[in-house]
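Visitor: Could you walk me through this model, please?
Guide: Gladly; here it is.

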Amino acid sequence: MPIDPARHSVIIVIGAVLFGLASVLDDMAKAGNRTVAGLIRSVLSALLLSVGIGMMSGGIQHFSDIPQYAPILIPTGFAVSLIASIIKNQIKLSVKRAYGVGLLILALAVPLKYSLDYLASTPTATQGDGHGHGH
């Protein structure tokens with residue numbers, strides 16, 4: 001996003017719409033999801049999943065170009081994707097299990113964030129020219 005916000009905003013919207021549409025069509029093919037509530041859940045969870053996956057893959061792909069954003073994008077994308085998967089698959093979590101999922105997210109995301117912060121502060125992380133994957 002920071003490299004060319006207008007261009008990447010268009011790419012994000014197109015990707016999210018295509019991912020959402022494919023997910024909705026897949027869910028509609030299943031007999032149990034032909035309700036309005038099922039369709040809404042499918043669209044929202046597909047959009048969340050698309051955004052989360054995009055955050056992770058974009059953070060990884062452009063780490064050398066924008067190392068200050070990757071430590072935020074990657075762990076947040078992981079959390080968003082996990083939550084979207086839980087919603088999409090209608091996984092019922094008790095309060096105890098919801099806390100467990102929250103702790104799992106924190107146990108993985110916090111060390112990942114600080115590890116990536118450290119890596120981003122090293123000279124090798126910024127060797128790219130800021131335009132197109134460090135080349």
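Predicted model: local features only at pLDDT ≥ 70, side-chain atom pairs only at ≥ 80, totals over all residues.

Guide: Residues are numbered from 1 along each chain as its sequence is written, and side-chain values use heavy atoms, with hydrogens and water left out.

Visitor: Which element of the protein chain has the highest mean pLDDT?
Guide: pLDDT is the predictor's confidence in each residue, from 0 to 100; the chain averages 82, with 86% of its residues at 70 or more. Helices here are DSSP runs (H or I, at least four residues), numbered from the N terminus. Helix H1 (residues 5-29) has the lowest mean, 80, and the highest, 91, belongs to H3.

Visitor: Are H2 and H3 roughly parallel or antiparallel?
Guide: Axes are lines fitted to C-alpha atoms over the stretch in contact, with angles from 0 to 180 degrees between N-to-C directions. Those of H2 (residues 36-61) and H3 (residues 70-88) come within 7 Å and cross at roughly 155°. Angles over 145 degrees count as roughly antiparallel, so H2 and H3 are roughly antiparallel.

Visitor: Is Ser45 buried or exposed?
Guide: Ser45 sits in helix H2. Beyond its neighbours within four places in sequence, Ser45 is in contact (heavy atoms within 4.5 Å) with Ala84, Ile87 and Lys88. Buried means under 20% relative accessible area, and exposed over 50% (1.4 Å probe, protein chains only). Ser45 has 0% relative accessibility, so Ser45 counts as buried.

Definitions and conventions
Helix = DSSP H or I, 4+ residues; strand = E, 2+ residues; numbered from the N terminus. Parallel < 35°, antiparallel > 145°, perpendicular 65-115°, else oblique.
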